Amino acid sequence: MALLLILVATDITALHLQRQELHALTDAAALDAADALDEESFYRRGMGEYPVPLSDGTVHASVRSYLGEKPETAADLDVAIGSPTGAWEETTAQVTLTGRARIPLVGLVVHRWANGVPLQATSRASAREPEP
């Protein structure tokens, strides 16, 4: 019985850590995407407005680029870009990432969780005007 409790506690801890990792990755990707520049909008409107408006395309491109630079994290969770991801209210990047958390011990025995547990995280970030 004690061994079973240890196995379950180990798996719950691993699942929680993977969930936290996905949330941290989503936050970092949203922060990176908040700095993305929609060149068409920038050249049309000029530098008069701050922050520079975002577009769905620039947010998606920024998230893909960010995930490409973090292969060790993305590979551990099988991370993919989820919906909704894009510009939210034109100045805020909204990023949703999905992934599958691997359950190390119970997943080997219970067929239902053999492919992992689905996870999803959403984060928003906005660029702010630098303080003088």
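1. Helices here are DSSP runs of at least four residues, numbered from the N terminus. With that in hand, methionine 1 sits in the segment before α1, which covers 2-34. Please keep in mind while reading that this is a predicted model.

2. Here is the overall layout. The protein contains five helices and four strands, and their order along the sequence is α-α-α-α-β-β-β-α-β. There are 132 residues, of which 36% count as buried. If you look at contacts between residues at least 6 apart in sequence, 62% of them join residues at least 24 apart.

3. UniProt, in an unreviewed entry, places the feature "domain: Putative Flp pilus-assembly TadG-like N-terminal" at residues 2-36. In the model this span is 94% helix and 0% strand, and its end C-alpha atoms lie 51 Å apart.

4. Now the surface. The protein exposes about 8,300 Å², with carbon and sulfur atoms supplying 57% of that area. Met1, Leu3, Leu4, Leu5, Leu7, Val8, Ile12 and Leu105 make a nonpolar surface patch of about 810 Å². Methionine 1, one of the patch members, has a relative accessible area of 78%, so it counts as exposed, the cut-off being over 50%.

5. Turning inside, the largest nonpolar core has 21 residues, and those touching the most other members are Leu22, Val59, Val63, Val79, Val95 and Leu97. Two or more residues come from each of α1, α3 (56-69), β3 (92-101) and β4 (117-126). The biggest giver is α1, with six residues.

6. Leucine 22 deserves a look in your viewer. Setting aside neighbours within four places in sequence, leucine 22 is in contact with Leu77, Val79, Leu97, Gly99, Leu119, Gln120 and Ala121. Among these partners, Val79 and Leu97 are also on the list of core residues that touch the most other members.

7. Last, the charged pair. How many salt bridges does a search of the whole structure find? The search finds one, in which the side chains of arginine 102 and aspartate 78 meet at 2.4 Å, N to O. The partners are 24 residues apart and link distant parts of the chain: arginine 102 is in the loop between β3 and α5 (106-109), and aspartate 78 is in the loop between α4 (71-77) and β1 (80-81). Are these two residues buried, partly exposed or exposed? Arginine 102 has a relative accessible area of 37% and aspartate 78 has 35%.

Definitions and conventions. Residues are numbered from 1 along each chain as its sequence is written. This is a predicted model: local features need pLDDT of at least 70, side-chain atom pairs count only at pLDDT 80 or more; totals for chains, interfaces and linings use all residues. Side-chain values use heavy atoms; hydrogens and water are left out. Buried means under 20% relative accessible area, exposed over 50%, partly exposed in between (1.4 Å probe, protein chains only). Contact means heavy atoms within 4.5 Å. Accessible areas come from the Shrake-Rupley method with a 1.4 Å probe; for residues, only the protein chains shown count as cover. Patches are made of residues with over 30% relative accessible area and no salt bridge: like charges are joined within 9 Å, nonpolar side chains (Val, Leu, Ile, Met, Phe, Trp, Tyr) within 5 Å. A salt bridge is a side-chain nitrogen of Lys or Arg within 4 Å of a carboxyl oxygen of Asp or Glu. A nonpolar core is a set of buried Ala, Val, Leu, Ile, Met, Phe, Trp, Tyr and Cys residues joined through side-chain atoms within 4.5 Å. UniProt positions are given in the numbering used here, feature names are shortened, and annotations may be inferred rather than shown by experiment.
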